[in-house]
Amino acid sequence: MIEITHLSKKFEQFTAVDDLSFKVAEGEVLGFLGPNGAGKSTTMKIITGFLAPTSGSVTVDGHNLATDALAAKALMGYLPEGAPSYGDMTTLDFLRFVGEVRGYRGDELVQRVGRVLSEVELTKVAMQKIETLSKGFKRRVGLAQAIMHDPKVLILDEPTDGLDPNQKQHVRELIKNLARDKIVIISTHILEEVSAVCTRAVIITQGRLVADGTPAELEASSKYHQAVSLRLAQPTDVSVHLDSLADVAGIEIDAEDVLNMRILARPGKSIYGQVASLAQEQNWPVAEMTVARGQLEDVFKQVTAGGVRRG
Amino acid sequence: MGNLSVIFKRELASYFATPLAYIFIVIFLITNGIFTFELGGFYLRGQADLLPFFSFHPWLYLFMVPAIAMTLWADERKTGTIELLLTLPVRLKDAVLGKFLAAWALMGIALALTFPIWITVNYLGDPDNGVIFAAYLGSWFMAGGFLAIGSCMSAATKNSVIAFILTVSLCFVFVIMGSPILLEAFPAWVPQVVVDAFAAMGFLTHYDSIAKGVLDLRDMLFFAVFIGAWLVASAIVIEIKKAN
């Protein structure tokens, strides 16, 4: 269990994290979302004990980062943004170094390193210097050092950034397989990734928490959730009839093509059936009609847009 | 102790993983030779000691040590590995000390490889080997002093060239602090206590007597405390600067 309580971090004039509180329990894969500069990386740096907060506290499995940092750090695996590693070392030497720092010696060290090398598919490049590796391999080296001690808590700052689609897929599957009894926190601005791997998503902007829920819940909070996309074969005035439906919240007509429109539902309502029977009754020239799920992207825009940074 | 030695090993190995350590050692040996034989008049003096060898060390270290020290922390910050290192279960003091000791060990190796000159002087005459050993030890401790300054300067910046320049400048100040020319330049109204305190901080004050073979425990203690103080300062600077 990670508990983040009233966490704030100020850099001189600038508040990076502003009174942030949330908890993450075992088995959760938390997607940590927010626009660039929202305070995601800063929060992760505080959770992993790299930075000290200005106020508030972080505890990992009961170990407070301020007073019991080594015990907390031993429980965590961390992939910092950009996956930094010592370029002049070989993959093998680097992983051995991290393993030794984590307290493994002798046979156990050899086993741990060997297992993680095959798990992340680094065996081929084990003897290569890290600085000669491609971006995808470097990212995997970073991931390998983070998971080699089978940590209870895994914190990944943009783990798939800069990877090609196949590599992204690979890393996501790796994370899913690891996740079962762990706490995983992933920061990303790739929203499809959240739907793909996360059981919960938190959106922060300007250092404050603005949304928290399962990806499905967040999608449901989109104003486009349950909206009906309608495409007509020829121009027809449909709005008069639609307005009469109690569950319709509004109609958005495509500015470039008046035949295309989106009919928005009131929160929690499903309008597809009503719209469909209305269309039949009125004999609308319907070319296409589909129901839309809310997109995380829309929610992201809704909750992060238009904010003014407070100083 | 566990992680201190792990970090020490990694750092020392990383010097030898690149040509850096080899180039450093070769240049160190060549310059030492030039200083001792050409400028120091090793043969002309006709004395069986290594005074010309040791008396150039402060000036040699002035440029050689900052070159080793400059990357200690600046590179960690530049490449972001500092974030990796300090989020591993490692105490900051182990990291600071481990890195310092690795660089200091490299200096020790370079210094030890000057042994042919020790053999030479024994072949040519009958020197006091105790004096020479003491001078080696003193020289190594002084190198540690330079290195500790360098560690702190390197922690203060992401740019290792800036770290180099800062370290050279600061080391230069500490070298000349004890030199007679500087001490005589003090106007008469400055109390003697201040002048003495100033001189006592100078490297030459402590090193000259060691180089001549007077191994005073107080001189060694000076360098030990000096190293300790700058390493504590390094840790503080890292804490302050790591955020940006």
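Visitor: How do strand β11 and β14 of chain A pair, and over how many bridges?
Guide: In this predicted model, strand β11 of chain A, residues 228–232, pairs with β14(A) in the antiparallel sense over five bridges, where pairing requires that DSSP find at least two bridges between two strands. Helices (H or I, at least four residues) and strands (E, at least two) are DSSP runs, numbered from the N terminus.

Visitor: Which residue stands opposite E288(A)?
Guide: That is R231(A), which faces E288(A) in β14(A).

Visitor: And what sheet do they sit in, what's the strand order?
Guide: The order is β12-β13-β11-β14 in chain A, an open sheet of four strands with antiparallel pairing; β12 (248–253) and β14 (286–291) of chain A are the edge strands, each pairing on one side only.

Visitor: Which helix lies across β11, β13 and β14?
Guide: Helix α10 of chain A, residues 272–282, lies across these three strands of chain A and runs at about 170° to β14(A), with axes being lines fitted to C-alpha atoms, for helices over the stretch in contact, and angles running from 0 to 180 degrees between N-to-C directions.

Visitor: Before we move on, what are the numbering and confidence rules?
Guide: Residues are numbered from 1 along each chain as its sequence is written, while chains are lettered from A and ligands numbered from 1 in the order in which they are written. Because the model is predicted, local features need pLDDT of at least 70 and side-chain atom pairs count only at pLDDT 80 or more, whereas totals for chains, interfaces and linings use all residues.

Visitor: Okay, the contact between the chains: how many residues from each?
Guide: Chain A gives 21 residues and chain B gives 18 residues, two residues being in contact if their C-beta atoms, placed from the backbone, lie within 7 Å. On the side of chain A that touches chain B, the largest share, four residues, comes from α3(A).

Visitor: Why does its radius of gyration agree with a compact globule?
Guide: A compact globule of 244 residues would have a radius of gyration near 18 Å, and chain B has 19 Å, which agrees; the radius is taken over C-alpha atoms, and the globule rule is 2.2 Å times the number of residues to the power 0.38.
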